[in-house]
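This report goes through one protein structure, a part at a time. Please look at the sequence and the structure first.

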Amino acid sequence: MNPTAALLEIDDLHLDFDTFDGRLRVLDGVSLAVAPRETVGIVGETGCGKSITAKSVLRLLPSPPANFSQGSIRFKGRDLLRLSEREMRKIRGLEIAMIFQDPMTYLNPVFTVGQQVTDVIAAHEREVGPRRPGRSALRARAVELLRQVRLPHPERQLDAYPHQLSGGMRQRVLIAMALAGRPALLIADEPTTALDVTIQAQVLRLIADLVQTLGLAVLMISHDLGVVAKVCGRIAVMYAGTVVEDAAAGAIFDRPLHPYTQGLLKALPRLHGLQGVLEGIPGGIPNLLTPPAGCRFHERCPARMPRCQGEKPPLLAVEPGHRVACHLYSPPAQAGPHA
């Protein structure tokens, strides 16, 4: 993708956490971009840095212990890492919004849905100017938002408490709150994990429709390849704080190039006759206090070469729109022999 066309561009991002045990090297040169109206998925095992990357965009990580030692996060051409906290408050919600995995964690059980949605609307209005909408205007806007996310009987639901709604309805309320500031980019962090399969499909369809009707760009975080396959046009595969493959969704599923991506796809459930067969990836995510030198995946990789142990592979375009960080695809003059 042409970086000049990007709405969001993360370039060579390095993030450390200072802990009592030492420095945790959480992100190691993450680079990815999201264009206007594009839906990009980030996938990988738990602990690969997907949610940390998303929270880094909105600067939601406390510093200390978080320390961005290198790289940039550019949104509409501005480096978010260089903005003041006051400037970031005008970005959060108004320009970039985020929805999370478990709505009950982010909805206050002692306030009605209407109180919480109108509070968000009023907070955004205060950020953009001195205008203070009245109670009736706030309520009308809240009804409009709930109708936009297809919550049934929105006027009635405004007076309900979160525990009176189903999981899918609560997630729709969170999406409505995220849309209150009319953002250009929506970050969805495991938005359907806590939902059953039927409601999950409805929420994913809603997000896909919002991309079309509102012109949103979406960065979706998930460990579920099936989820991102339904809504994402492009997928970035992360492993241990690095992006190892980045391509169109069709290319990821039809011709995965990185051994880690291939392993993830082999681990997807599939049926052969009457018996389900699953192939896991041996081993686990390395300790990020002492990550392996070179390629972070080499200890688990069936195609590792001697150079993988000491030389970090760059994220290179091996074909138009398809980037891979693997020494299998290095120029022939630099390629080493197989182990």
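## Aromatic rings

Tyr239 has a relative accessibility of 1%, so it counts as buried. The model is a predicted one, and a search of the whole of it finds four aromatic pairs. A pair of aromatic rings is described by the distance of the centres and the angle of the planes. One of the pairs is formed by Tyr239 and Phe297, with 5.0 Å from centre to centre and 80 degrees between the planes, which makes it edge-to-face. Tyr239 belongs to strand 9 (residues 234–239), while Phe297 sits in the loop between strand 12 (275–277) and strand 13 (316–319); the pair therefore ties together parts that are 58 residues apart in sequence. Phe297 is buried as well, because its relative accessibility is 2%.

Phe297 also pairs with Tyr260. This pair is edge-to-face too, at 5.2 Å centre to centre and 65 degrees between the planes. Tyr260 is in helix 11 (residues 259–266), 37 residues from Phe297, and the pair links distant parts of the chain. With a relative accessibility of 0%, Tyr260 counts as buried. Through these ring pairs, Tyr239, Tyr260 and Phe297 are linked into a cluster.

The largest nonpolar core has 99 residues, and the members that touch the most others are Leu185 and Leu219. Helix 7 (residues 167–179) gives this core its largest share, eight residues. Which residues does Leu219 contact, leaving aside neighbours within four places in sequence? They are Leu8, Leu32, Val34, Val40, Ile42, Leu185, Leu186, Ile187 and Ala188.

Helix 7 is 13 residues in length and spans 19 Å from its first C-alpha to its last, close to the 18 Å expected at 1.5 Å a residue. Twelve of these 13 residues are buried, so helix 7 is largely enclosed by the rest of the structure. The buried ones include Met169, Val173, Leu174 and Ile175, and also Arg170, Gln171 and Arg172.

## Cysteines without disulfides

A disulfide is a covalent bond between the sulfur atoms of two cysteines. How many disulfides are there in this model? With a cut-off of 2.5 Å between the sulfur atoms, the count is zero. For Cys301, the closest cysteine sulfur is that of Cys326, and at 6.0 Å it is too far for a bond. Cys308 is in no disulfide either, since the nearest cysteine sulfur, in Cys295, is 5.9 Å away, beyond the 2.5 Å cut-off.

Are Cys301 and Cys308 buried or exposed? Cys301 has a relative accessibility of 8% and counts as buried. Cys308 is buried, with a relative accessible area of 8%.

## The loop between strands 2 and 3

Glu38 lies in the loop between strand 2 (22–34) and strand 3 (39–43). Its relative accessible area is 18%, and the limit for buried is under 20%, so Glu38 counts as buried. A polar atom of the Glu38 side chain is 2.8 Å from the backbone nitrogen of Ala35.

Arg37 is found in this loop between strand 2 and strand 3. Arg37 is exposed, with a relative accessibility of 54%. Its phi is positive, about 65 degrees, although Arg37 is not a glycine.

Ile52 is part of helix 1 (residues 50–57). Not counting residues up to four places away in sequence, Ile52 touches Leu15, Phe17, Val26, Leu27 and Leu61. The C-alpha atoms of Ile52 and Gly241 are 9.0 Å apart, although 189 residues separate them along the chain.

Arg59 lies in the loop between helix 1 and strand 4. Arg59 is not a glycine, yet its phi is positive, about 55 degrees. Pro64 is in the loop between helix 1 and strand 4 (66–75), and Pro65 is in that loop too. The peptide bond from Ser63 to Pro64 is cis, with omega near -5 degrees. A cis peptide bond also joins Pro64 and Pro65, where omega is about 10 degrees.

## His322

His322 is in strand 14 (residues 322–324). A relative accessibility of 1% makes it count as buried.

Notes:
Residues numbered from 1 in each chain as written. Predicted model: local features only at pLDDT ≥ 70, side-chain atom pairs only at ≥ 80, totals over all residues. Heavy atoms only, no water. Core = buried A, V, L, I, M, F, W, Y, C linked by side-chain atoms within 4.5 Å. Buried < 20%, exposed > 50% of the residue type's maximum accessible area, 1.4 Å probe, protein only. Helix = DSSP H or I, 4+ residues; strand = E, 2+ residues; numbered from the N terminus. Contact = heavy atoms within 4.5 Å. Expected span 1.5 Å × (residues − 1). Phe/Tyr/Trp six-rings, centres within 6.5 Å; stacked < 30°, edge-to-face > 60°. Polar contact = N/O pair within 3.5 Å; in protein donor to acceptor, adjacent residues only side chain to side chain.
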